[in-house]
Amino acid sequence: MPTSLAQTDTAAGQTRWKSHEEPPLTRETFEALCAFEIPCLRIKGFATDAECDELVAAMDRVGLNKTYKVPGLVQPPRYVGLTQFEKRQESKEAYFAEVEQAWREHEAVLSHMRWNPFERMWALMRDLYPEHSLTLAEEPGYGRYYAGIIRETSGGGTLHADVTMYSARDYMISQVASQITWNFFASHVEGEGGKTTLHNRPYRVQTAPGGKVEIEGFSRAYVDGAETHIYTPAKGDVVMFNSHNPHEWTAVEQGQRRMGVSTYIGRMPDGDFIYWS
Ligand SMILES: [Fe+2]
């Protein structure tokens, strides 16, 4: 099909994804993700089976001490770490007051492992963009962010989008030009459960200046008619997608677990990268 006649989604005029393949991470595919041209990419074999098992054992040994505040979920995700979006209704001080404790809990999990999934991811990104820096996000006057959610997401996740210009308005992370999330899966999920649906309709809301926008709990009508892509978690793989696209996942079948880690990677207008959770 000639690109000049690219199919559009009639409801929103959104351009359709160029393909539903889940290509590996390259500069080209990362750029395509930032440009909303593909639903996701997949780094197969990011970790070995033994490394996956080691992470899950470390999670079980330390324990996942926090729970996402998600109305309507019987079993919301449990995690170690700290997310800015969970603090979006509170003050900036409240978020940064918890950062150092979250890093200590993060270190406690990693102390039981011989490898570090986060450092491995940063190395891949730095190899990809050697001319740009990739650093932990830092807030002027407040200090470093937390990055590195270690979590179990077995109970499913409700429809939402991760868009810092709405959920972190007063934070430097709201200045990113692109917001990509990466999810590493350390456990095997079988059957129909645990799959993530990505909706090809970047979350954009008209607001009055200073008006607040909720990034979860919005009407399903927002994604009506949008093209979708469903990805299956696979033990050892990383899946990256543009978090501005609304997304949701189903609960796993009885007896299974959906375990892994995640952060956001943001690209600043100058091309440098930051990461946070
Ligand atoms: Fe999300």
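Helices and strands are DSSP runs, of at least four residues (H or I) for a helix and at least two (E) for a strand, numbered from the N terminus. The legends below refer to a predicted model.

**Figure 1. Overall fold of the predicted protein.** Six helices and 15 strands make up the protein. Its radius of gyration is 18 Å, close to the 19 Å that the globule rule gives for 277 residues, so the protein is as compact as a globular protein of that length. The C-alpha trace spans about 55 × 45 × 45 Å along its principal axes. Buried positions account for 57% of the 277 residues. Among contacts between residues at least 6 apart in sequence, 79% join residues at least 24 apart.

**Figure 2. The iron site.** The iron ion is coordinated by NE2 of His-160, OD of Asp-162 and NE2 of His-247, at 2.1 to 2.2 Å. The spacing of these donor residues in sequence is H-x1-D-x84-H. Asp-162 and His-247 link distant parts of the chain, being 85 residues apart. Asp-162 belongs to the loop between β8 (157-160) and α6 (164-167), whereas His-247 is in strand β13 (residues 247-249). Asp-162 has a relative accessible area of 5% and His-247 one of 3%. Because buried means under 20% relative accessible area, Asp-162 is classed as buried, and so is His-247.

**Figure 3. Helix α2 and its surroundings.** Helix α2 comprises 14 residues, 49-62. From its first C-alpha to its last, α2 reaches 20 Å, close to the 20 Å expected at 1.5 Å a residue. The buried residues of this helix are Glu-51, Cys-52, Glu-54, Leu-55, Val-56, Ala-58 and Met-59. An α-helix has 3.6 residues a turn, so residues three or four places apart point the same way. After α2 comes Gly-63, which has a positive phi, near 90°.

**Figure 4. Cysteines without disulfides.** A search of the whole structure finds zero disulfides. Cys-34 takes part in none, and the nearest cysteine sulfur, that of Cys-40, is 14 Å away. With 10% relative accessibility, Cys-34 counts as buried. Cys-52 is likewise in no disulfide; for this residue the nearest cysteine sulfur, again that of Cys-40, is 18 Å away. Cys-52 is buried, at 0% relative accessibility.

**Figure 5. The nonpolar cores.** The largest nonpolar core contains 76 residues. The members touching the most other members are Met-121, Met-125, Tyr-145, Trp-182, Phe-184 and Met-240. Not counting residues up to four places away in sequence, Met-125 touches Leu-25, Phe-30, Leu-134, Met-240, Ile-265 and Phe-273. Another core, of seven residues, lies apart from the largest one and includes Cys-40, Phe-185, Tyr-231 and Phe-241.

Figure 6. Met-165 lies in helix α6. Its relative accessibility of 33% places Met-165 in the partly exposed class. Leaving aside neighbours within four places in sequence, Met-165 is in contact with Ser-174, Tyr-203 and Arg-204. Met-165 and Val-176 are eleven residues apart along the chain, and their C-alpha atoms are separated by 8.2 Å.

Key
Residues numbered from 1 in each chain as written. Predicted model: local features only at pLDDT ≥ 70, side-chain atom pairs only at ≥ 80, totals over all residues. Heavy atoms only, no water. Expected span 1.5 Å × (residues − 1). Buried < 20%, exposed > 50% of the residue type's maximum accessible area, 1.4 Å probe, protein only. Donors = N, O, S within 2.8 Å, 3.2 Å for Na, K, Ca; no water. Disulfide = S-S within 2.5 Å. Contact = heavy atoms within 4.5 Å. Core = buried A, V, L, I, M, F, W, Y, C linked by side-chain atoms within 4.5 Å. Rg over C-alpha atoms; globule rule 2.2 N^0.38 Å.
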